[in-house]
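Subject: Model handover

Hi,

Here is the structure for you to look over. My notes come after it.

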Amino acid sequence: MKPYNRLTPRMALQLAAPHTWVASVGPAVFAVVASAQAGRPLALWRGALLVLACVLMQAAVNTLNDYADFVSGTDQATDNVAKNDATLVYEHINPIHARHLGVAFLAAGALAGVIGSVPNLGVPLAVGLIGGAVVVLYSAGPAPVSQLPLGEVVSGGVMGGFIPLGITAAADNRFHPEILLISLPFVIGIGLIMMTNNGCDIEKDRAAGRRTLPALLGRRRTVAGYRFGVVLWLVALAALPWVAFGPWGLLAPALVLALAWRPFWQLLRTGLQPEGRIRQMQGIAKANALAGGACIFAAAAALLAEVAGWM
């Protein structure tokens, strides 16, 4: 057997998949800004640590999921995946080292989250423990979440909803359930990332015995549901920032219309075909980045308006 290659920093970064971090950075930064706008600001260093914790947790998810897919034989070079998105397939490194790296990311994320939450540790810790359990169960256990029809709901809910819930709680050690409503654009967008991935992998997942939602629905119904999800996402982007931030919230749909109409139009036309997987994943990531950025900009504008006395 050919000796394994050494796990280099470049490979470790590829396993962490920074091109996907928009799904954690967006909700985290939004929560920090929205908390300040609501009169509960976090110290800059605390906010930065909490954002870092979310990134490290996502790096752990990405790495452990790659490990699980590789050792189960699900990921192969014929699966229309980019080389930087399938490190274990192309780089011939010891998968055990990837698993250890994923655990290290998880531990580092937990440490950053604890330090960033002090002294208001109780409620954020409860939210973080649930999130950490999901990170582990997403790829591990007898029935990994990523292989069940729950994947889209869990990934969107935890990253788009629980991240803002935990970060806003770090400001005063209290639950602020209203953040779940105004974070709904992040929940939907992140859920659609998962649905894009699974929709392009229907045949592969069925062959591997994975019971993802698209694998159960089939491509025709998956595409119909996907397009409905994109429309719902646009409605949420148009309405919820205005509900949360008043007139300044209208900046979010205006920016989406001006800057993101093309990727959203492409999402509405996609057929989720496996041969277009790389392009379609790039499209949903770009849409998430632009939509999330629009929500953050609207929240920041509302905050600055309050500071300047314009409201």
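This is a predicted model: local features need pLDDT of at least 70, side-chain atom pairs count only at pLDDT 80 or more; totals for chains, interfaces and linings use all residues.

Residues are numbered from 1 along each chain as its sequence is written, and side-chain values use heavy atoms, without hydrogens and water.

Salt bridges. The count is 7 (side-chain nitrogen of Lys or Arg within 4 Å of a carboxyl oxygen of Asp or Glu). Glu91 pairs with Arg10, closest N and O atoms 3.3 Å apart. Glu91 lies in helix α4 (87-91) and Arg10 in helix α1 (9-16), so the pair ties together parts 81 residues apart in sequence. Helices here are DSSP runs (H or I, at least four residues), numbered from the N terminus. Glu91 is buried at 18% relative accessibility; Arg10 is partly exposed at 45%. The cut-offs: buried is under 20% relative accessible area, exposed over 50%, partly exposed in between (1.4 Å probe, protein chains only).

Asp201 and Arg277 also form a salt bridge, 3.3 Å from N to O. Asp201 sits in the loop between α9 (184-200) and α10 (202-207), and Arg277 in helix α15 (277-308), so this pair links parts 76 residues apart in sequence. Both Asp201 and Arg277 are buried. Asp69, Asp205 and Arg210 are linked in a salt-bridge network.

Loop residue. Arg174 lies between α7 (151-172) and α8 (178-182). Arg174 is exposed, at 58% relative accessibility.

Surface. Trp242, in helix α12 (219-245), is partly exposed at 48%.

Best wishes

How values were computed
Helices (H or I, at least four residues) and strands (E, at least two) are DSSP runs, numbered from the N terminus.
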